[in-house]
Amino acid sequence: MADWDDLRVFLAVIRTESLSAAGRALRLDPATVGRRIVKLEEALATRLFVKSPQGYAATEAGLRLLPHAEAAEQALQAAADDLRGGGGSGGLSGQVRIGAPDGCANYLLPRIVAAICDDNPGLEVQIVALPRVINLSRREADMVIAVSPPTAGRLTVQRLTDYHLHLAASRAYLDRHGTPQRRADLTAHRIVGYIPDMIFDKELDYLAEIGVSEVRLASNSVPVQLNWLRHGAGIGMVHDFALPSAPELVKVLPAEVSLTRAFWLIRHADDRRTGRMNRFADLLAQGLRREVLRLEAMT
C-alpha cells in the first residue's frame with residue numbers, strides 16, 4: 001500500500017523527470033528520492049519509471065498511477081483548506097504559484113498580488129515569469145495567465161480581459177530619426193521585437209501582423225524590448241499597460257496600428273473543487289481587469 005509521502009515523491013519525479021530536480025522541490029537529496037521511488041515500486045509491485053539520457057520517464061503503470069496520485073493531492077489540499085478556513089469567509093493562506101508571460105508578470109501582477117496579500121497575510125504567492133508556455137500538468141504553477149486558450153487537457157479556461165498594444169518609440173529617437181507618418185515609413189527605422197524563432201504563441205507575433213518582417217534588435221523578454229525603446233534604440237510594439245512605466249515613450253501611428261489581445265486564466269480542472277484556489281482566482285481576475293483599465297486609461 002502506498003502512503004502519501006511516497007506519492008508526493010512520485011508526483012515530483014513525474015513532473016520534473018529528474019531525481020535531483022524533484023529533490024530540490026521537496027528539499028530532499030536525490031538519493032533519498034531514488035530510495036522512495038524504489039520503495040513505492042516495491043509496494044505496488046511494478047516499475048513506475050525508466051531512466052533514459054533525457055531523465056526519468058513514466059512507464060505505462062506510472063501514467064496510470066498519476067491521476068490517482070493527483071486526486072490524493074487534491075483531496076489533501078481541500079482538507080487543509082477546510083481546516084484553515086480557506087474555503088470559507090476567513091483569510092486565504094498557503095502557497096499559490098502563478099505562471100504568466102513576462103509582460104503581465106512585470107507590469108500587472110506585482111501591484112495586484114501585493115494588494116491580495118495585504119488583505120490575506122497568510123498567503124505566500126510565487127510568480128513564474130517565463131517567455132514560454134508554462135506546463136500545468138507538471139505543476140510548474142497552480143494557475144496560468146496566458147495570451148491564448150489551450151485546445152487540449154483537463155483544464156478550466158476563463159477569459160479575463162482584453163488589452164491593447166501600439167507602436168512606440170522614445171521622443172529622443174523620433175527627434176533624431178523622424179516620426180513615421182504612415183506604415184510604409186517603418187521600413188526606414190530600426191525595429192525592436194521578439195526573436196522570431198522564440199515566439200512561443202502566435203498571438204505574440206505582433207510585427208508579422210502589421211507587415212514588418214525585419215527585426216534589427218530582438219529579445220524574448222518584454223522588459224528588454226521596452227528598455228531598448230526607452231534608451232532610443234528604435235520603434236517597437238508596446239503594451240499600453242506598460243507605457244506608464246516608460247514616460248520616455250510616445251505612441252507611433254496610433255490611428256493606423258493598434259492591436260487587441262486577451263488574457264486567459266487557465267487552471268487544473270480538479271482545482272475547481274478547492275475553495276481557496278477559487279477565491280484566489282476570483283481576486284486575481286478582478287484585480288487584473290481593474291489594473292489593465294487603470295493603466296490603459298493613463299495612456
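**View 1. Asp240 sits in the loop between strand S9 (235-239) and strand S10 (249-252).** The model is predicted: local features need pLDDT of at least 70, side-chain atom pairs count only at pLDDT 80 or more, and totals for chains, interfaces and linings use all residues. Residues are numbered from 1 along each chain as its sequence is written, and side-chain values use heavy atoms, with hydrogens and water left out. Helices (H or I, at least four residues) and strands (E, at least two) are DSSP runs, numbered from the N terminus. Asp240 has a relative accessible area of 4%. That makes Asp240 buried (buried means under 20% relative accessible area, with a 1.4 Å probe and protein chains only). Contacts of Asp240 include His164, Leu165, His166 and Lys251; Leu295, Glu296 and Thr299 also touch Asp240. Residues up to four places away in sequence are not counted here. Contact means heavy atoms within 4.5 Å.

**View 2. Tyr194 and Tyr206 form a tilted aromatic pair.** The structure holds 5 aromatic pairs. Rings of Phe, Tyr and Trp (its six-membered ring) pair if their centres lie within 6.5 Å; planes under 30 degrees apart count as stacked, over 60 as edge-to-face and the rest as tilted. For Tyr194 and Tyr206, the distance is 6.2 Å centre to centre, with 50° between the planes. Tyr194 lies in the loop between strand S7 (191-193) and helix H8 (206-209), and Tyr206 in helix H8, so the pair ties together parts that are 12 residues apart in sequence. Tyr194 is buried at 10% relative accessibility. Tyr206 is buried at 5%.

**View 3. Tyr163, Phe241 and Phe263 form one aromatic cluster.**

**View 4. Helix H2 (residues 19-26) has buried residues Leu19, Ala21, Ala22, Gly23 and Leu26.** The buried residues of H2 pack against helix H1 (4-16), helix H3 (30-44) and strand S2 (55-58). Just after H2, Arg27 adopts a positive phi of about 60°.

Methods. Buried < 20%, exposed > 50% of the residue type's maximum accessible area, 1.4 Å probe, protein only.
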